[in-house]
Amino acid sequence: MNRAPAHPLTNQAPMHSTSLPDAPLLREPLHAPVAHLIRGGVVEGIHYGSVVVLDAGGTVRVQLGDIEAAFYPRSALKPVQAVAMVRAGLPLDGELLSLAAASHSGEERHLAGTRRILELAGVGESDLRNVPDLPFDPVVRDAWVREGRLPSRLAQNCSGKHAAMLYTCRVNGWPLEGYLDPGHPLQRAIAEAVEDLTGQRVAQVTVDGCGAPLFSVSLHGLARAAARITTAAPGTPEARVADAMREHAEMASGTGRDVAALMRAVPGLLAKDGFEGVQVAALPDGRAVAVKISDGANRARIPVAAAALARAGVDPSLLGEFQGEALLGGGRAVGCVRPVQSLEPVAVAPCA
């Protein structure tokens, strides 16, 4: 399949300028090797995927694989969704705005923050339409189960976003019912922001794991969107979201999460992960990277993203802790997940 799709919302009023480029093609992505699984000096496996690195002017400086095919950014699109809601009048800042862009771990602070957003909106947990789930963090989830607690909409990792969606509807007088319908005014506003920030039409609309509409763009478009957010003028919706996520990184993720550690390690970095091996990150000057691991392997996501950031000019010494977990044999390190040589900006020591 290799075709230019019709716009997924053609039955609705136009959401974008006619000057926007066409949507990315729906095709099987032409992924390339991006990381090697090395055990005892032998390449035991290969992770395929795609990587794009943009310089401060938006020019592609590094690309591997297929950065122009349509794909689903999954939760890596949440900063864009949050920008759309702030543009529509969502009156949140700080840790609650960070939570609105979160794939949170289900810690008590995340649940309390979501309850606070619902309270501000004058709605309750029963108004949420994300799927009930257990907390995302394994330690938190195990404690939840030991206490005999059942899956809930509040504990599901997207509950902050859904609470913010309800609040945005309240502010605008939009109906709460059907807020996840792609034709709802809220989702149309989000789709418009996706197209504006990525600089391309949406290729396809489906349903994300939480039940919200999911918009398909290109990996290149996702990187452009992150750069647009981090380079926006102070006080704009984009800058408010970036500031909130950077200043409250654990609220956008959780204690011990690699994406929060990455934002703490690299000054000014905005980063967001997504299921199925997606990672996007951008610096205040507009340098940006986006990664998609084709098989969805989480173990390759951060090492490849760190290598891409180094290629973007980030000091490699800041990225040492993001080289991935060691591969163990008999309880000792015998290998590693290593980004392919074309991504490594400097000579690195061989795997154990």
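Apart from its neighbours within four places in sequence, Val-194 is in contact with Leu-77, Val-80, Gly-199, Val-202, Phe-215 and Val-217. This residue, Val-194, belongs to helix H6, which covers residues 185–198, and in this predicted model Val-194 counts as buried because its relative accessibility is 0%, where buried means under 20%. Val-194 and Ala-225 are 31 residues apart in sequence, while their C-alpha atoms are 7.9 Å apart in space.

**Confidence in the model**

The mean pLDDT of the protein is 93, and 93% of its residues reach 70 or more. Over residues 1–7, however, the pLDDT is below 50, and this stretch has 19 contacts in the model beyond near neighbours in sequence. The pLDDT also stays under 50 over residues 10–17, for which the model has 12 contacts beyond four places in sequence. Where pLDDT is low, the predicted coordinates should not be read in detail.

**A buried histidine and the nonpolar core**

His-162 is found in helix H5, made of residues 159–172, and His-162 is buried, since its relative accessible area is 0% and the limit for that word is under 20%. When residues up to four places away in sequence are not counted, His-162 touches Leu-128, Arg-129, Asn-130, Tyr-179, Leu-180, Cys-210 and Ala-212.

In soluble globular proteins, nonpolar side chains tend to be buried together. The largest nonpolar core here has 109 residues, and those with the most contacts inside it are Val-51 and Leu-319. Helix H10, residues 298–311, provides the largest share of this core, with 9 residues. Leaving aside neighbours within four places in sequence, Leu-319 is in contact with Leu-262, Val-266, Ala-306, Leu-309, Ala-310 and Val-314.

**Empty space in the structure**

Rolling a probe the size of a water molecule over the atoms shows where empty space is left.

| Space | Volume | Lining by class |
|---|---|---|
| Largest cavity | about 60 Å³ | 8 nonpolar, no polar, no charged residues |
| Second largest cavity | about 50 Å³ | 4 nonpolar, 2 polar, 2 charged residues |
| Largest pocket | about 620 Å³ | 9 nonpolar, 10 polar, 10 charged residues |

The largest cavity is lined by Ala-76, Pro-79, Val-80, Leu-222, Ala-226, Ile-229, Leu-270 and Val-280. Helix H1 (78–87) and helix H7 (219–230) are the elements that give two or more residues to this lining, and H7 supplies its largest share, 3 residues. Val-80, one of the lining residues of the largest cavity, is also among the contacts of Val-194. Around the second largest cavity, the lining is formed by Pro-29, His-31, Ser-50, Asp-66, Ala-69, Phe-71, Leu-219 and Lys-292.

The largest pocket is lined by 29 residues, of which Asp-258, Asn-298, Arg-299, Arg-301 and Ile-302 lie nearest its centre. Helix H9 (258–265), strand S9 (270–274) and H10 each supply at least two residues of the lining of the largest pocket, with H10 giving the most, 5 residues.

Conventions
Residues are numbered from 1 along each chain as its sequence is written. This is a predicted model: local features need pLDDT of at least 70, side-chain atom pairs count only at pLDDT 80 or more; totals for chains, interfaces and linings use all residues. Side-chain values use heavy atoms; hydrogens and water are left out. pLDDT is the predictor's confidence in each residue, from 0 to 100. Contact means heavy atoms within 4.5 Å. On a 1 Å grid over the protein atoms alone, a cavity is a set of points where a 1.4 Å probe fits but cannot get out, and a pocket is an open set with protein on both sides within 12 Å along at least five of seven lines; lining residues have an atom within 4 Å of a point. Grid points are joined across faces, edges and corners, and a volume is the space filled by probe spheres set on the points. Helices (H or I, at least four residues) and strands (E, at least two) are DSSP runs, numbered from the N terminus. Ala, Val, Leu, Ile, Met, Phe, Trp, Tyr, Cys and Pro count as nonpolar, Asp, Glu, Lys and Arg as charged, and the others, Gly among them, as polar. A nonpolar core is a set of buried Ala, Val, Leu, Ile, Met, Phe, Trp, Tyr and Cys residues joined through side-chain atoms within 4.5 Å. Buried means under 20% relative accessible area, exposed over 50%, partly exposed in between (1.4 Å probe, protein chains only).
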